[in-house]
Amino acid sequence: MADSAMTATFLAVIGGASLLAVTARRLHPSDRLPSLEGWALADRGLGPVWTWLLLGGTIFTAYTFTAVPGLAYGNGAAAFFAVPYTVIVCPIAFVLLSRLGEVARRHGYITAADFVRGRYGSAPLALVVALTGILATMPYLALQLLGIRAVLTAGGVYPRGAAGDLVMVALFAGLAVATYRHGLRAPTVISALKAVAVFVSLTAVTWLVLERLGGPGAVFDGAAERLGGPALLLSPEQQPSYATLALGSALALLMYPHVLTAAFAADSPRTLRKVAVALPAWTGLLALFGFLGIAALAAGVRAPEGGAETAVPMLVDRLMPGPLAGLVFGAITVGALVPAAVMSIAAATSFVRNVYVEYVHPTATPKRQVRIAKAVSLTAKVGAVAFVFGLRDQDAVNLQLLGGVWILQIFPAVAVGLFTGRLHPRALLAGWGAGMLSGTYLVVREGFSSVGTGPFQIYAGLTALLLNLTVAVIGTAVLERLGVPRGADLTDLPSRLSLGRRPETGANNP
């Protein structure tokens with residue numbers, strides 16, 4: 001059971017998050033009429049510091065901070081693919097997010113599907129982009145709850161039975177109310193507490209672990225003995241999966257609706273470029289979490305079978321004084337609240353903009369759109385809670401693995417579309433279908449492993465993306481030869497890939 005000091009510190013962190021959520025309305029207050037842009041994107045008014053806090057707090061989720069050290073605890077070196085993957089993200093984000101954010105601001109786009117609709121003039125292509133984003137986001141949202149439950153259970157903070165379920169419901173009820181009222185402003189202000197709590201607690205935990213276990217050399221030597229030595233180094237057979245997982249995950253991450261929602265809230269492309277340069281500070285945190293997984297091995301922590309993600313919470317509970325342990329558990333819990341809120345907002349916004357307004361109620365007023373988005377956001381959180389209580393944890397993990405493969409299949413329409421409009425929308429639809437089917441087949445065939453077995457251990461999402469692009473390119477050539485017309489391009493982006501100067505914006509440009 002948790003001691004009183006741990007519980008008090010934990011509750012203080014959660015209480016601080018709740019108080020900050022109440023003040024969210026003060027963040028860039030606006031006198032504008034209610035609009036989806038105001039609720040979902042905080043009126044696109046976030047400067048560099050707030051954008052860095054929100055984007056970092058959204059990308060680096062509580063589940064990431066438990067799954068990576070859990071994988072390091074169980075599999076050694078292979079877990080650290082997440083470190084180069086989050087480094088690779090930064091230069092890609094520097095280019096993609098700033099360019100996409102600029103186009104979204106210029107044309108009033110709120111979702112990636114809005115951009116696809118304007119770029120290709122294709123409602124069906126925009127629909128599949130929106131639905132793919134929603135489909136990939138929902139299990140990711142449920143995993144935030146699983147991350148909280150695993151961490152708090154290991155630390156003895158999560159009561160057993162119905163009492164524990166009530167704790168989970170209470171945590172998300174507070175988040176739901178704050179998000180319902182203030183939209184993206186709520187997770188933005190909470191992200192400040194998340195950053196402070198995570199950076200402070202992780203630095204303290206790492207220092208204490210090194211002191212207790214005798215330094216980094218002793219930690220790695222002790223872990224190597226328990227893993228059998230070679231597991232702390234990549235074998236030649238593991239290198240293709242390591243590299244393709246890092247690359248594929250980096251490309252997929254920037255396609256998730258919650259990441260794009262956080263990016264679209266920035267006040268300028270320059271802000272996004274600054275943030276992309278500063279994001280590696282969050283990657284350093286992730287590397288330290290992975291190191292703690294190795295430290296748990298060296299310390300002799302025995303995680304339950306199938307529960308490797310609890311290794312670090314068990315290490316914290318064993319080695320840390322109560323107040324510090326409570327700070328760590330509170331930080332990880334708040335770490336789940338930020339991305340969970342942004343994910344629910346992003347899913348709701350995609351539904352309203354690209355399904356409800358496009359196909360159900362084209363004349364919906366801005367006020368009605370906000371009302372529907374709030375309801376859908378609330379429903380998404382309730383659904384995530386029901387999902388966690390009703391299904392096995394592994395079901396959520398399996399669906400999230402599929403979600404990563406699925407979201408990568410919108411990369412050609414969104415990311416490639418930023419630089420060239422040559423690909424035909426019908427060919428992109430065919431490529432998307434081929435990628436979705438092949439990616440799903442590969443993951444399911446391997447028993448819900450995203451990396452294949454045999455001589456070529458390659459990330460299934462990247463394999464599916466290559467097929468996707470191949471079908472899109474060949475399909476475009478065929479459709480152009482047949483003279484099949486394409487939709488009107490409403491953006492002012494070049495129709496062909498160009499490394500030259502882009503056209504200036506002005507009164508004559510849409």
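Arginine 353 counts as partly exposed, because its relative accessibility is 23%. On this scale, buried means under 20% relative accessible area, exposed means over 50%, and partly exposed is in between, with a 1.4 Å probe and protein chains only. The model is predicted, so local features need pLDDT of at least 70, side-chain atom pairs count only at pLDDT 80 or more, and totals for chains, interfaces and linings use all residues. Residues are numbered from 1 along each chain as its sequence is written, and side-chain values use heavy atoms, with hydrogens and water left out.

Now to the partner of arginine 353. Its side chain meets that of aspartate 114 in a salt bridge, 2.9 Å from N to O. The pair links distant parts of the chain, with aspartate 114 in helix α6 (residues 112-120) and arginine 353 in helix α16 (residues 322-360), 239 residues apart. A salt bridge here is a side-chain nitrogen of Lys or Arg within 4 Å of a carboxyl oxygen of Asp or Glu. Helices are DSSP runs of H or I with at least four residues, numbered from the N terminus. Is aspartate 114 buried or exposed? Aspartate 114 counts as buried, because its relative accessibility is 9%.

Next, glutamate 358 and arginine 117. They form a salt bridge whose closest N and O atoms are 3.3 Å apart. Glutamate 358 lies in helix α16 and arginine 117 in helix α6, so this pair ties together parts that are 241 residues apart in sequence. Glutamate 358 is partly exposed at 31% relative accessible area, and arginine 117 is partly exposed at 30%.

A salt bridge can also sit inside one helix. Arginine 106 bridges to glutamate 102, with the closest N and O atoms 2.9 Å apart. What separates arginine 106 and glutamate 102 in helix α5? About one helical turn, because they are four residues apart in that helix. Arginine 106 is partly exposed, at 26% relative accessibility. Elsewhere, Arg422, Glu480 and Arg486 are linked in a network of salt bridges. How many salt bridges does a search of the whole structure find? It finds eight.

Helix α5 (residues 82-107) also holds valine 95, which is partly exposed at 39% relative accessible area. Together with Phe94 and Val277, Val95 forms a nonpolar patch on the surface, with about 250 Å² of accessible area in total. Patches are made of residues with over 30% relative accessible area and no salt bridge, joined within 9 Å for like charges and within 5 Å for nonpolar side chains (Val, Leu, Ile, Met, Phe, Trp, Tyr). The areas come from the Shrake-Rupley method with a 1.4 Å probe, and for residues only the protein chains shown count as cover.

Last, the aromatic rings. A search of the whole structure finds seven aromatic pairs. Phenylalanine 199 and tryptophan 282 make an edge-to-face pair, 5.5 Å centre to centre with 70 degrees between the planes. Rings of Phe, Tyr and Trp (its six-membered ring) pair if their centres lie within 6.5 Å; planes under 30 degrees apart count as stacked, over 60 as edge-to-face, and the rest as tilted. Phenylalanine 199 is partly exposed at 25%, whereas tryptophan 282 is buried at 0%. Phenylalanine 220 and phenylalanine 291 form a tilted pair, 5.8 Å centre to centre with 50 degrees between the planes. Finally, Trp52, Phe60, Phe199 and Trp282 form one aromatic cluster.

Terms used
Helix = DSSP H or I, 4+ residues; strand = E, 2+ residues; numbered from the N terminus.
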